[in-house]
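Here is a short briefing to read alongside the model. Take a moment with the sequence and the coordinates, then follow the topics below.

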Amino acid sequence: MADTARDIAIFHGDGHYTDPPLVTGNLSFHEITELVARHAEKKPPTLWYVAFGIANLMLLNLLVMIAYQVWNGVGVWGNNQPVGWGWPIVDFVFWVGIGHAGTLISAILFLFRQRWRTSINRAAEAMTLFAVICALLFPTIHVGRVWVIYWTLPIPNQMEMWPQFKSPLLWDVFAVSSYFIVSFLFWFVGLVPDLATLRDRATSLWRQRVLGFFALGWTGANRHWRNYEKSYLLLAGLATPLVLSVHSVVSFDFAVSVVPGWHTTIFPPYFVAGAIFSGFAMVVSLLVIARKIYGIEDLITLNHLEKMNIVILLTGTMVGFAYITEFFMAWYSQVEYEQYAFINRATGPYAWAYWIMMSCNLLAPQVFWFKRLRRNIPLMFIISIFVNIGMWFERFVITVISLHRDYLPSSWGYFTPTWVDVLTLVGSFGLFFTLFLLFLRFVPMVAIAEVKGVLPEADPHFYSDHEHDYDVPYVQPAEETDKDKPTRS
Amino acid sequence: MGIYESEPVYGILAEFSDPGALVHAAERVHKAGFRHFDTHSPFPIHGMDRAMGMGQSKVGYFTIGGGITGFALAYWLQWWTGGVDYPLNISGKPFFAVEPSIPIIFELTVLFSAFGAVIGMLALNGLPRPFNPLFYSRNFERVSDDAFFLHIAASDRKFNEDDAAALLEELGGFNVEILTQPE
């Protein structure tokens, strides 16, 4: 890691180094506004229309599939005994996992003062929201009778019945919906100053009115920034345990049961690492394309992408370690059923799925140990797609392989998806991309105010050497003494 | 609400060249005895709270209030529905126990704390506020782009158009304008 820091840092003659600028191209405040805000104002590039058309077709397909499923019942899916949880749950866990990167980037990296997050957090948070919407879709239709989905909420009703709060499935309802609401608040609060920017740039009256409504009358007042920054910090602090809890609660759906392969205490941390892993991969896939098409390479630099690849390498290796730990624990437990569940994973009828998972999740990201490969854009795009495929298969492996053979060999089975399963998954991508493309079209895709705030020009002391003669500066810059500076030769 | 009320003159607005100049000006305006003034910038400026003589934000109290509400609500909800209103025997488990109630208690505590943080921020800021006399200034449109402003409100006890304008100009302010209702 030391090598990484040194290579991308800027060297000074005396052996000291400073971090590289977070934003390249020597942009002024106004140029940053221009660079980002104009994409929410002018007509999008042709490619956007092509992508939007395809995404809309996929979305239409999703609506048809949902209608077909609701009309005919869940029998149109491959779910059947013994595999009662098939693709819908696999898809649910897959999408929830993807929905973890955004809040991780915005909350945890914020608390760790990782200022490089400012360029990517907006898009990543938007991606989170859309992924969670896709995720919420699957359990909703999976209940079979969607018209009584409100039974999962504690709403007083004529039957005087309440939800069963001891069920992990109900914990899921609360965890995922709380996560969605908090992520949305976090995203929207971050967006308010940028909506004000768009409002102030708006030329037509209706645009001013609409943006004025959503910008809440923001004037950039310091009396407001003061509460705003505090609120943002608190939201980050709240979202941090929340983001770790959501996938933990999702993993309880499995871990609280007695099915071999599910009943393990390693699930919560292992699921969370996997979620961050897949989420970052999705962010890389999307941003590699978006930064190119929208010409914002100066804001989302190669350094940003490299840092994300390091997180992918780290979490991918953690996930791989968890796969191996599961095997160890199965052997060590001396429980015949547990041992069989894992041997069956690697060598049974679904071994192909298991090895796709292993190679995509554990092996593929290992190329990121090499700096040159980590900074290779086509390669990172390919790896990020592999990771997403691998993480979908991880959920498939956990859900389907564990269920298809458990205690009673007479009730073993083999799960095969139907065309409805496949098209519903394809359709969920349509929903996701439709929402993401609308976001790129109408909302500033980079947090303008935050990026300005990390420029050296944003620091009042940047100006103190010249032009102004302070009597007493209120805040002394944290001067590094020579003693504190790391010396490297 | 806030510092803006006072017609026909709302206040006086001056532009400054950069964040450093703005911090300096805010500090001097505060020293000159003004209290109803505010600085406006495209991003938060560090050290401005102290320059303006302001203390800690109170958003934290709203957040903890929200958190306690969420905790109490989740605890009560699970206890009352499961243990009092409709006790249902599920595999011989207790009607109410703390352990299986923890996840939902946690989620609702976080959710309501977040509500507290956002609602508290909006309430303390007096937002949403679609109308603001500052919007009368054309120049002020650049506040969300790259301009830095200091506004002294007419509601200040020490406010006097000429003195305030002279002070702002002396501090390096330009584009000084008096905010009044347009005819």
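This is a predicted model: local features need pLDDT of at least 70, side-chain atom pairs count only at pLDDT 80 or more; totals for chains, interfaces and linings use all residues.

Chain A holds 17 helices and two strands, and the contact between the chains draws 63 residues from chain B and 61 residues from chain A.

**Confidence in chain A**

- Chain A has a mean pLDDT of 84, with 89% of its residues at 70 or more.
- Residues 1–9 of chain A have a pLDDT below 50, and beyond near neighbours in sequence this stretch makes ten contacts in the model.
- Residues 466–477 of chain A also have a pLDDT below 50, and here the model has 16 contacts beyond near neighbours in sequence.

**Chain A as a whole**

- Of the 489 residues in chain A, 46% are buried.

**Helix α4 of chain A**

- Helix α4 of chain A covers residues 87–98, and its twelve residues reach 16 Å from the first C-alpha to the last, close to the 16 Å expected at 1.5 Å a residue.
- This helix is mostly covered, as twelve of the twelve residues in α4(A) are buried.
- Those buried residues include A:Trp87, A:Pro88, A:Phe92, A:Trp95 and A:Gly97, along with A:Asp91.
- Packed against the buried residues of α4(A) are six helices of chain A: α6 (121–142), α7 (168–201), α9 (222–255), α10 (267–293), α15 (377–404) and α16 (419–442).

- A:Val93 lies in helix α4 of chain A, and it counts as buried because 29 C-beta neighbours fall inside 10 Å, where the cut-off is 20 or more.
- Leaving aside neighbours within four places in sequence, A:Val93 is in contact with A:Val250 and A:Arg395.
- A:Val93 and A:Lys371 are 278 residues apart along the chain, and 32 Å separates their C-alpha atoms.
- A:Pro168 has its place in helix α7 of chain A, and it is partly exposed because 18 other C-beta atoms lie within 10 Å.
- Not counting residues up to four places away in sequence, A:Pro168 touches A:Phe252, A:Asp253 and A:Val256.
- A:Pro168 and A:Val249 are 81 residues apart in sequence, and their C-alpha atoms are 7.3 Å apart in space.

**Chain B: domains and strands**

- Chain B is divided into domain 1 (9–57 + 133–180) and domain 2 (60–125).
- The centres of domain 1 and domain 2 of chain B, taken over C-alpha atoms, are separated by 44 Å.
- Strand β2(B) runs antiparallel to strand β3 (residues 148–153) of chain B, and four bridges join them.
- Within that pairing, B:Asp38 stands opposite B:His151 in β3(B).
- B:Phe37 and B:Thr39 point one way from β2(B), while B:Asp38 and B:His40 point the other way, and all are buried.

**Where the chains meet**

- The contact takes 61 residues from chain A and 63 residues from chain B.
- On the side of chain B that touches chain A, at least two residues each come from α1 (19–31), β2 (37–40), α2 (48–51), α3 (59–85) and α4 (102–125) of chain B.
- α4(B) supplies the largest share of that side, with 15 residues.
- By class, the side of chain B that touches chain A has 32 nonpolar, 19 polar and twelve charged residues.

Technical notes
Residues are numbered from 1 along each chain as its sequence is written. Chains are lettered from A and ligands numbered from 1 in the order in which they are written. Domain bounds come from an automatic or database domain assignment. The expected span of a helix is 1.5 Å times one less than its number of residues. Two residues are in contact if their C-beta atoms, placed from the backbone, lie within 7 Å. Ala, Val, Leu, Ile, Met, Phe, Trp, Tyr, Cys and Pro count as nonpolar, Asp, Glu, Lys and Arg as charged, and the others, Gly among them, as polar. Two strands pair if DSSP finds at least two bridges between them. pLDDT is the predictor's confidence in each residue, from 0 to 100.
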